[in-house]
Amino acid sequence: MVQSWTRPNVPRLPGRGIAPRIFDAATQGLVEASPHESTPNLASVYVCGITPYDATHLGHAATYLAFDTLIRVWLDAGFDVRYVQNATDIDDPLLERATRDGVDWRDLAASQIELFRGDMQTLSIIPPDEYVAVTEVISDVADAVKILVQNGSAYPVPSPDAADDLYFDSSFTLPAWHLGLESTLDRPAMLQLNAERGGDPLRPGKRDPLDPLLWRSERVGEPAWDSSVGRGRPGWHVECSVIALEHLPTPLTVNGGGRDLVFPHHEFSAGHAAALTGHALAGIYAHAGMVAYEGEKMSKSLGNLVLVSRLVAGGTDPRSIRLALLSEPYRSDWEWTDAHLRIADERLASWTAWAATPDDDDDDDFLAELRERLADDLDTAGAIAVIDARIRAGAAATVTAVSAIDALLGIRLTP
Ligand code: 5CA
Ligand code: ZN
């Protein structure tokens, strides 16, 4: 396994928190995120990891912070939590960037994963129990693709200059999955997003323009591995299905990532997993909104990035970055501005001064209010407002309140 990062200390709070209700893409409503009856008390989550170049920008950080909040709320509710994340350390965009910059793709991936781990640790984000790079599971992915070929959900597409590639048949239907189950999109929307997000609708020989690549046979000058389906490398969506199935019981409590993954990525990760197991991949498909900067979605391809490491190197307190990101509802699309950081700095100073002389008394009301806000679709902005209101009203800090802010929001106010 790729090494994960160091786990922040998460204090235990008195009593028990509430199982959160969070928004599910498949049902377009709030659903209680609780362990499935087949795994009592075990809440499980798979979150799509980075493609390791141009890490870690504030959009990435906001997405991982949203799922960090979910995990903190689960721990407070008394659940055991199992968390898995991947790193897409082999894919077209990574290879293109390595070629552009004249570096070995392996070195690029390794250095960016290292930077990402450092940034996650700096931001006190709870690490996954398993952090899995795709290059570690190539043969497992190939074996899964082989099963899909055998059960009729995958088919070969000839290539003029290589062996056949393998594609998933998106018309494959099961009780546990059909096209559109997760994304709830209509076909025109699917066609558009598929073209924008890594699909290859114009590839000749496919049964449907939406059908996604499962296995790309070796091309001259591209990395390839020997496998049970020949020499080549995995397509994108299937890596997440295989890594999730390998390390977590299904249905996962939550399958997560940023909203740009709703289609085609999570749709087909769920489809491949269902075609492999006959079961649904997840009970809830949860997505964080997109963080923009200078008018557009913050993205590696546009280059409008604010990097965590650059802010921290410039002297920004990582807790202010957390507070700034937590001040926006995780499901909203929003634009990062310098004002976010200024307000977060002021808030951190006010909270720290307040926390410096806590009373010993337990403050059950405060903890209950905070728990209630967070259980309501991870309302971190509401939780922040609860704390601000307390301070404005002149209420003294308590030991419990200061611990709750640490445990639930990951902001440590005392040394
Ligand atoms: N490796 C794939 C997932 S398997 C991937 O999407 N990588 S990524 O590096 O592009 O993005 C990593 C995570 O950050 C994904 O969950 C993605 O949805 C999220 N993300 C990317 N850009 C933003 C943004 N501007 N705002 C919020 N989240 C973002
Ligand atoms: Zn993924």
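**View 1. The tetrahedral site of the zinc ion (ligand 2).** Here the four donor atoms make angles of 103 to 119 degrees with one another; four donors count as tetrahedral if all angles lie between 85 and 135 degrees. Donors are N, O and S atoms within 2.8 Å of the metal (3.2 Å for Na, K and Ca), and water is not among the atoms, so sites may look incomplete. This is a predicted model, in which local features need pLDDT of at least 70 and side-chain atom pairs count only at pLDDT 80 or more, while totals for chains, interfaces and linings use all residues. Residues are numbered from 1 along each chain as its sequence is written, chains are lettered from A and ligands numbered from 1 in the order in which they are written, and side-chain values use heavy atoms, leaving out hydrogens and water.

**View 2. The protein ligands of the zinc ion (ligand 2).** Look for Cys-48 (SG), Cys-240 (SG) and His-265 (NE2), which coordinate the ion at 2.1 to 2.2 Å. Cys-240 sits in helix H6 (residues 236-247) and His-265 in helix H7 (residues 262-277), so this pair ties together parts that are 25 residues apart in sequence. Helices (H or I, at least four residues) and strands (E, at least two) are DSSP runs, numbered from the N terminus. Cys-240 and His-265 are both buried, that is, under 20% relative accessible area (1.4 Å probe, protein chains only).

View 3. Among the polar contacts (pairs of N or O atoms within 3.5 Å), a polar side-chain atom of Thr-51 is 2.9 Å from a nitrogen atom of ligand 1. A polar backbone atom of Gly-59 lies 3.1 Å from a nitrogen atom of the ligand. The protein buries 95% of the 600 Å² that ligand 1 exposes when taken alone, with areas from the Shrake-Rupley method and a 1.4 Å probe.

**View 4. Helix H9 (residues 318-326) and its packing partners.** Seven of the nine residues of this helix are buried, including Arg-322 and Leu-325. Their partners include helix H1 (58-76), strand S14 (334-335) and helix H10 (338-355).

**View 5. Asn-194 in helix H5 (residues 187-196).** Asn-194 counts as buried, at 2% relative accessibility. A polar atom of its side chain lies 3.3 Å from the backbone oxygen of Pro-209. Beyond neighbours within four places in sequence, the contacts of Asn-194 (heavy atoms within 4.5 Å) include Gly-199, Leu-210 and Phe-263.

Notes: Tetrahedral: all angles 85-135°; square planar, octahedral: opposite > 155°, others 65-115°. Buried < 20%, exposed > 50% of the residue type's maximum accessible area, 1.4 Å probe, protein only. Polar contact = N/O pair within 3.5 Å; in protein donor to acceptor, adjacent residues only side chain to side chain.
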